[in-house]
Amino acid sequence: MSAKAISEQTGKEFLYKYIDPSVAVQDRVRYVNVTPATDLNLLAQQHPWLLSERLVVKPDQLIKRRGKLGLVGINLDLQGVKEWLKGHLMKEITVGRAKGVLKNFLIEPFVPHTQDEEFYVCIYATREGDHVLFYHEGGVEVGDVDAKAQRLTVTVDDKLSDAQVKEQLLTHVPDDKKDVLASFIVALFNLYEDLYFTYLEINPLVVTKDGVYVLDMAAKIDATADFICKAKWGDVEFPPPFGREAYPEEAYIADLDAKSGASLKLTLLNPQGRIWTMVAGGGASVVYSDTICDLGGVEELANYGEYSGAPSEQQTYDYAKTILSLMTREKHPQGKVLIIGGSIANFTNVAATFKGIVRAIKDYQGPLKEHEVSIFVRRGGPNYQEGLRVMGEVGKTTGIPIHVFGTETHMTAIVGMALGHRPIPNLPPVAVHTANFLLNANSSPMTPASSRTASFSEPKTTNDVTPPKKSKAGLPPAKATTLFSSHTKAIVWGMQTRAVQGMLDFDYVCSRDQPSVAAIVYPFTGDHKQKFYWGHKEILVPVYKNMADAMKKHPEVDVMISFASLRSAYDSTLEAMQYPQVHTIAIIAEGIPEAQTRKLIKIADEKGVTIIGPATVGGIKPGCFKIGNTGGMLDNILASKLYRPGSVAYVSRSGGMSNELNNIISRTTDGVYEGVAIGGDRYPGTTFMDHVLRYQETPGIKMIVVLGEIGGTDEYKICQGIKDNVITKPVVCWCIGTCATMFASEVQFGHAGACAHQASETAMAKNQALRDAGAYVPKSFDELGDVIKSVYDDLVAKGTIVPAQEVPPPTVPMDYSWARELGLIRKPASFMTSICDERGQELIYAGMAITEVFKEEMGIGGVLGLLWFQRRLPRYACQFIEMCLMVTADHGPAVSGAHNTIVCARAGKDLISSLTSGLLTIGDRFGGALDAAAKQFSKAFDSGMLPMEFVNKMKKDGKLIMGIGHRVKSINNPDMRVQILKDFVKQHFPSTQLLDYALEVEKITTSKKPNLILNVDGFIGVSFVDLLRTCGGFTRDEADEFVEIGALNGIFVLGRSMGFIGHYLDQKRLKQGLYRHPWDDISYVLPEHMSM
């Protein structure tokens, strides 16, 4: 959603802070906000100016015409304000059909003035530019300003001047006020542009001898411009429309939405209602709400919302559990229904999102059964069969009535079932599995040369792009009528490998001679080639770092498909329009600021470029070309017969609903000739009428389908075109959003443009106008397919359409990754792991979520226990591990490992190389004695050998006892590291049999030589064996296996790595130069014949 209303306080703060300081705006910082939490007795103390001024107080909750409603207290002292607030604060009132509680107020200085000092000014945005309205009278009785105000239009990218304002707006203003007003209006317009306002109204604007006063203000800003205006806006709070409370669950979903690349929306309409929805897709969510209201459910409709844009399983789970939590708080005597609906997805993995919903249903199965909730599911799209299967299974296992339907069922049929208006089929038809669509139904192994004979009603013309018509001198170039052909070549901006592969598969199944993707532009890597499939074989598609190289090397390209982010889409589109070869640009990104989109539209019109989008999935021309993910995966392409042209063209706003139209049209006619989703923003790059006129001029198109929407007035141009006989082909049209007029308060639907700002923009008004103009308009979306079929059958009966013979399309192999996703194949994994899983929403260590690791304060020792031993070790074991790491962290610069690290560091090597150099010295002679000591002592102890027998045997075999002996420390000069560990082990370990055995060996060895002590390596080795054997977490075999595979040496490696890194950083910090060993520390012993 883009244009969002802000509070009067926020709007004035923006104005006072950022308007040109040279403009004489008064009372810039004097206002007070009052809420139920405000202590009225402290107001004077916190704001002393309240005691010296006459005051105005009013609610600040997006209420229109507050003066006429008696909701403004004027010319009061502070005590009068308090009395006024006592009569209004937390009082329920009704404004129109909206009922709400007054809880947010604004106190400002009262401005004494006369009626002739009041004016009205308003600035609002349209597709062509910004309109400035001015009237020389203002205030409560200003009347219909649209009819009588002076009006000035500032076209996109133009500036407003004082002279223009004076000449066109201030004709009825006294001369002594013209300069002040002109400079203020220009400054206001500049502020409006700089801070991305979409609407700004001041009534009244008061001009006295002291300056300009902004008394009442209403404003909306383009919320998508947050990434541009964040520094000036700060954290803006967008209040809900009056009559609708702001719920914490709405804020939670809004926060999820802000942190996700997907779209997640939730508006609570009636939390006590029995009808709840969880709908995928911005357009589909409106259609479901329409159908619920059409069937009499408006009073019971609890929420509006949507999830789309391929949310992850976790995100869908979070969204679903929020809905389920809300709907199971209060019981309803008739029970409740949950409608989990959606159109046919283009790219969302339905099974993945449904798994999130299933998790939530399992978590809430108790409350759902207690509240007698019935669930109705209808969905299509990638892997939808698996999604429906798991949804059906959870119904059986939990006992919750869940009714599941796929693309064989009309999209909104489940609403009638849920509300009892139509029977629930016992055994709905089973949709064919995804994999079966990919098999050629023809028995011939040959790939057909063409997927369909030409339509008998279609003239024999080539399918090439028609060049733009020559425009008259001085006029911008006209746009092409035919945007795509079977020879169209495109550049894709962004590394969208899945979308590109989908386009290539579509090309192949349409029997195109060559792939439609000529190149990819991706600024974040160097030039290279990316591997894709063309049917059965692999091909390479070039990837360029910059667009100039791509355009230069591929002059045949005339389409750019931009997957650039909302932040970079504007710049990349501007760059693409610099190249005359580009005639069509599809902008996929949602959330591009409206001001930027309008600039792109203006430039595109000047250059004769057709823009599809923003906020779109794109478009499709069966048999020729598809944009990105349009039409979904190959199963849907084949099911909807999009591999060959039909006779029906459509245009819609919604991407998901365009795929639903593919389904409806394929089931009721001979199929789609071309379809475009213009996008859900307020200002799409091209309009409904632009495409309807193209379809009118295309001979192969025999009828047109338009899926309009609440908001805007584009559909009225179609009405006029039909009346003027500019459009002569049959037009079937339905505008979604009919439910909006039934809601008590304004609801912003999923698409940014889906909001009516006046009666003519409502879906009902547009549907009636289209019906009156002669378009075929159904009574509801439920009947859209029937009307399309009726019109098509009539054209067939007249001979206008002669259906062509079907020919099977070529076979396209399924990608391995997708076949695995569908469970059609299996393959042994190359690797196995049992310690860590990073695939989900949260990192898992040996079955334990990372949040739990921190919640339970497991520390490094606990994490090491999970990752090394796959166990939750006792607290004392974790502490012992951490102590071992601490005592082995370093032993000075003289030992071989530290020495090597230092030499490497001084040679200018990096951290990793220096650390590796030191680690490579670890072995039996340095640091590697932990494992060897553990093995030697364990073997001797387990065999029943006495300590003296063990010492004697090792001496007889000529072997050193690992873990015994120290260069410096002795029985008389003990190693404090060993003493610290010994005290801890003796105090906390359940048993220390092997350690006691080693200490007995130490007594024997030190009696011969005092430095033959049990050193730190030996102590850790034998103590670890005691730990593994006695902590209760391991069997004897498991404990012995960890010793055998070298786990104990890992303690020394991990601990000493800290010291080596310390030495590396120390040498760098000390700026030590290259090390060269001194000659006098080297004994040169050469062979005698060499020395002679």
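How many residues line the second largest pocket, and which lie nearest its centre? The lining comprises 33 residues, and Ile964, Gly965, His966, Arg967 and Asn1015 lie nearest the centre. The model is predicted: local features need pLDDT of at least 70, side-chain atom pairs count only at pLDDT 80 or more, and totals for chains, interfaces and linings use all residues. Residues are numbered from 1 along each chain as its sequence is written, and side-chain values use heavy atoms, with hydrogens and water left out.

The second largest pocket has a volume of about 1200 Å³. A pocket is an open set of points on a 1 Å grid over the protein atoms alone, where a 1.4 Å probe fits, with protein on both sides within 12 Å along at least five of seven lines; lining residues have an atom within 4 Å of a point. Points are joined across faces, edges and corners, and the volume is the space filled by probe spheres set on them. Helices α32 (947–956), α34 (993–1008), α35 (1016–1030) and α37 (1047–1069) each supply at least two lining residues. Helix α32 gives the most, with 3. By class, the lining divides into 13 nonpolar, 11 polar and 9 charged residues. Here Ala, Val, Leu, Ile, Met, Phe, Trp, Tyr, Cys and Pro count as nonpolar, Asp, Glu, Lys and Arg as charged, and the others, Gly among them, as polar.

An open sheet is formed by 7 strands in the order β22-β23-β21-β20-β24-β25-β26, with mixed pairing. Strands β22 (528–534) and β26 (610–612) stand at the edges with a single partner strand each, so one side of each has no neighbour in the sheet. Neighbouring strands are turned by 25° against each other on average, direction ignored. Helices (H or I, at least four residues) and strands (E, at least two) are DSSP runs, numbered from the N terminus; two strands pair if DSSP finds at least two bridges between them.

Strands β20 (490–493) and β24 (559–562) pair in the parallel sense over 4 bridges. Tryptophan 493 stands opposite serine 562 in β24. Helix α17 (569–576) lies across β20, β24 and β25 (584–587), and runs at about 175° to β25. Contact means heavy atoms within 4.5 Å. Axes are lines fitted to C-alpha atoms, for helices over the stretch in contact, with angles from 0 to 180 degrees between N-to-C directions.

UniProt places the feature "domain: CoA-binding" (unreviewed entry) at residues 483–592. This span is 25% helix and 29% strand, and its end C-alpha atoms lie 24 Å apart. UniProt positions follow the numbering used here, feature names are shortened, and annotations may be inferred rather than shown by experiment.
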